[in-house]
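Reader: I would like to go through this model with you, from the whole chain down to single contacts. Please state the cut-offs behind each term as we go.

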Amino acid sequence: MKPTIFKPLKFAITAISMIAAVAYITTSGGAIAAATSLKSAPSKKAGDFGAPQGKPVNAVLTSPPNVPPPTGRKYPAKVIVELEVVEKDMAISEGVSYTFWTFGGTVPGSFIRVRQGDTVEFHLKNHPSSKMPHNIDLHGVTGPGGGAASSFTAPGHKSQFTFKALNEGMYVYHCATAPVGMHVANGMYGLILVEPPEGLPIVDHEFYVMQGDFYTTGKYREKGLQPFDMEKAIDERPTYVLFNGAEGSLTGDKALQVKTNETVRMFVGNGGPNLVSSFHVIGEIFDNVRYEGGTNVQHNVQTTLIPSGGAAIVEFHTEVPGSYVLVDHSIFRAFNKGALAIMKVDGPDNKAIYSGKELDSVYVGDRSAPNLSAVATAAAAAASGTLTVQEQSAAGKALFNGTCSVCHQANGEGLAGVFPPLAKSDYIAADPKRIIGTVLHGLSGKVIVNGKEYNSVMPPMNQLNDDEIANILTYVLNNFGNVGGKISADEVKTLRAKPAPAAAASH
């Protein structure tokens, strides 16, 4: 027999809660607003706005970071989407290539924009040169597999299926062919926007940014063609975490360009396959965030979580000029795995809002340069066995400016009493090769350089790979009035393999 005591007790608690709520509403003077807030906001229903009207429309697809123009329609249409799968080798970092599997030849894949209520006729082609079959699962599809079962396509074949875009929102699409994780990890994802019937508010700029984690057999920035590493992927240990499929894809001369006093909308996705993104723009606050790609909006947001296989729409207004850095605020991913992009804002200063000097190099690192082509040139020369001191030095300069110059300064003079100089350094001249160990293992405690005492801490820079250290040190040896010479990647590799000396006490 069920006890009955809980029914009156539940009623009493409910009554007390209602009395308290009424008392609060009355004393706050906001009876109508508060009563409304007690109700959950109504959700928008799926939008079947009837049969398509007018002539069929060919969807405009764009490569990242570009976004197709608004649909501009007040009625549902039949929209034809033509998307091709291409497997291709592309740069994942300077001097590092990877075999990406792509929708439309880019990572992320082509941006698709339709209107709620549209009937979408989807054509998926798999290029004859592909080695694998592929399909597509669109999170904006209502139907089994999001279209995956209807779009399984062998190399050299084409598939077609149709769906109605019932729900507005920002949706991820990705390949769902087994092994699904491998296809996604190789770059097979993108975004499809289903506009509300009235469209989105007009802004000055719209950008397409998508994060992904990548798993290579080689270490971060290890040169050459890097294969996919299934064990790292299973263990969720990415080598790279990137925006738009490559380190530097949105930095230097590829940075996003806007002006002050403009409105910016970013469609931000996370292809995964594993990591959750903590998306943040350093120096900006999001006025509006449609979190998880849905219809709810949050205001005045600093950092927004974007789940793997999810998306968000962020909007903000630019006030002052400068370089604004987009990061995954799981911060080692930004500075040590590549999850970093730049938005350059041009225009007049507004000292009333922000007064101070830019510390661009601190945040941006080696991505503050227009490009790192010298690094790629040196990597290619090293692979062919023709690497010169001049090529090493040019690559080292680009890397030095984003790593070492923060402390030792761009001119190598250091900071008096804090960071020792690299310029005309008697410490370097006494034994040029020992600076390899200094970079690999760090240096702590008192050191005399050019007759002056310094007592600071240089952390180990073992996040740099062998050829990066060799190039940086070759640049230092041949500049700032130093003795000249060359450090090879093999010398760095040999010393790295030896046990590190016991660490001295540091502060």
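Author: Contact means heavy atoms within 4.5 Å. This is a predicted model, in which local features need pLDDT of at least 70 and side-chain atom pairs count only at pLDDT 80 or more, while totals for chains, interfaces and linings use all residues. Residues are numbered from 1 along each chain as its sequence is written, and side-chain values use heavy atoms, with hydrogens and water left out.

Reader: Of the contacts in the protein chain with a separation of 6 or more, what percentage is accounted for by residues 24 or more positions apart?

Author: The count takes the contacts in the protein chain whose separation is 6 or more. Within that set, the share that belongs to residues 24 or more positions apart is 69%.

Reader: How many helices and strands does the protein chain have?

Author: Helices (H or I, at least four residues) and strands (E, at least two) are DSSP runs, numbered from the N terminus. On that basis the protein chain has 13 helices and 23 strands.

Reader: Is Thr177 buried or exposed?

Author: Thr177 lies in the loop between β8 (169–174) and α3 (180–185). Buried means under 20% relative accessible area, exposed over 50% and partly exposed in between, with a 1.4 Å probe and protein chains only. Because its relative accessibility is 5%, Thr177 counts as buried.

Reader: With which side chain does the side chain of Thr177 make a polar contact?

Author: A polar contact is a pair of N or O atoms within 3.5 Å; within protein, one must be able to donate a hydrogen and the other to accept it, and residues adjacent in sequence count only if both atoms are side-chain atoms. Leaving aside neighbours within four places in sequence, Thr177 is in contact with Pro133, His134, Asn135, Phe152 and His183. The polar contact, at 3.1 Å, joins the side chain of Thr177 to that of Asn135.

Reader: How is α11 oriented relative to α13?

Author: Axes are lines fitted to C-alpha atoms, for helices over the stretch in contact, and angles run from 0 to 180 degrees between N-to-C directions. The axes of α11 (residues 434–441) and α13 (residues 489–497) come within 10 Å and cross at roughly 55°. Angles under 35 degrees count as roughly parallel, over 145 as roughly antiparallel, 65 to 115 as roughly perpendicular and the rest as oblique. The two helices, α11 and α13, are therefore oblique.
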